[in-house]
Amino acid sequence: MNKSVALGPTSPMHIRLSKIIDLSADDQQAIAELPVTIRDFSADHDIVRDGDRTQHCCIVLEGFTCRYKVISDGRRQILAFNIPGDIPDLQSLHLQVMDHSLATLVPSRLGFVAHTHMRDLCERRPGVAAAMWRETLIDGAAFRAWITGMGRLSARARLAHLLCELLLRLDAVGLADGFRYRLPLTQAEIGDALGLSVVHVNRILQDLRAEGIIAIDRRTVNILHWDGLRAIGQFDPAYLHLKNGATAID
């Protein structure tokens with residue numbers, strides 16, 4: 001699929017923005033009318049690469065993507081996981097050259113908005129500009145949380161923290177069922193995000209299962225002991241800056 005449409009008011013992006021900021025009805029309508037080109041991508045496909053100059057912002061509509069860097073010996077560091085509703089390369093609106101790559105992890109449907117359209121919308125609608133600015137600030141807050149985890153938390157805590165974060169983010173856009181959600185990530189991808197080997201990731205997941213903290217079946221995670229997982233991961237959701245009532249999870 002490769003066509004230009006307006007996403008409308010029920011798109012994952014609208015749901016995402018509604019959970020982090022109050023938008024007027026006029027601002028919501030202006031966002032809904034943005035012309036978006038929709039494209040389908042296979043898994044493990046680079047959307048934009050480190051060093052590219054792009055003229056569009058990308059919106060995740062379905063699937064999972066990631067930001068990543070590759071070091072000289074070929075190893076990959078995943079910098080963030082992106083879920084439906086995220087705008088993972090919003091910084092390209094003002095930074096001309098990409099300083100990392102963006103890729104799909106599973107088959108994904110993405111929307112692309114031309115920078116010219118996005119800039120025009122932000123100039124006409126200060127409320128929309130504030131929403132996009134808030135989105136980038138929250139993105140920075142998430143990076144700080146990840147850096148703290150990489151530098152100071154144990155491997156077990158880092159993995160528990162990631163599972164907690166993904167639950168709240170997916171729940172905020174209607175993609176979790178209570179404490180259950182789809183996690184279409186391989187153990188290698190989780191390891192690339194947390195700086196761990198596949199063996200280490202597998203061992204921690206097995207331990208969390210054995211302790212009755214989580215259950216995993218066919219890439220679906222069921223958190224059986226939310227308070228326990230939060231304690232292990234030292235997880236405080238404040239850095240996600242979700243509005244009160246944005247999720248059903250305490």
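S92 sits in the loop between β6 and β7 (101-104). The model is a predicted one. In it, S92 is buried, with a relative accessible area of 4%; the cut-off for buried is under 20%. What does S92 touch, once neighbours within four places in sequence are left aside? The contacts are T54, H56, C57, M98 and H115.

Next comes helix α4, which holds E135. Is this glutamate buried or exposed? E135 has 9% relative accessibility, so it counts as buried. Not counting residues up to four places away in sequence, E135 touches R16, I20, D86, I87 and L90.

Helix α4 (126-152) is also one of the elements that helix α6 packs against. Take α6 (residues 187-194). Its buried residues are E189, I190, G191, A193 and L194. They pack against β6 (76-82), α4, α5 and α7. Just after α6 comes G195, with a positive phi of about 70 degrees.

Two of those partners, α5 and α7, also pack against each other. Two packed helices are described by the angle between their axes and the distance between the axes. For α5 (residues 155-172) and α7 (residues 198-210), the angle is about 70 degrees and the axes are 10 Å apart. Angles of 65 to 115 degrees count as roughly perpendicular, so α5 is roughly perpendicular to α7. Which residues make the contact? From α5 come A155, R156, L159 and L163. From α7 come H200, V201, I204, L205, D207 and L208. By class, this contact has seven nonpolar residues, one polar and two charged.

Now the aromatic rings. A pair of them is described by the distance of the centres and the angle of the planes. The count for this model is five aromatic pairs. One of them joins F179 and W226. Their ring centres are 5.9 Å apart and their planes stand at 45 degrees, so the pair is tilted. F179 lies in the loop between β9 (176-177) and β10 (180-182), while W226 is in helix α8 (residues 226-233). The pair therefore ties together parts that are 47 residues apart in sequence. F179, at 32% relative accessibility, counts as partly exposed. W226 has a relative accessible area of 7% and is buried.

W226 has a further ring partner, F235. Here the centres are 6.2 Å apart and the planes are at 70 degrees. Planes over 60 degrees apart count as edge-to-face, so that is the class of this pair. Both W226 and F235 are buried. Together, F179, W226, F235 and Y239 form one aromatic cluster.

Helix α8 also carries A231. How does this alanine stand, buried or exposed? A231 is exposed, with a relative accessible area of 57%.

R76 lies over the face of Y68, at 5.8 Å from the ring centre.

Notes: Residues numbered from 1 in each chain as written. Predicted model: local features only at pLDDT ≥ 70, side-chain atom pairs only at ≥ 80, totals over all residues. Heavy atoms only, no water. Axes fitted to C-alpha atoms, helices over the stretch in contact; angles between N-to-C directions. Helix = DSSP H or I, 4+ residues; strand = E, 2+ residues; numbered from the N terminus. Parallel < 35°, antiparallel > 145°, perpendicular 65-115°, else oblique. Contact = heavy atoms within 4.5 Å. Nonpolar A, V, L, I, M, F, W, Y, C, P; charged D, E, K, R; others polar. Phe/Tyr/Trp six-rings, centres within 6.5 Å; stacked < 30°, edge-to-face > 60°. Buried < 20%, exposed > 50% of the residue type's maximum accessible area, 1.4 Å probe, protein only. Lys NZ or Arg CZ within 6 Å of the ring centre and 35° of its normal.
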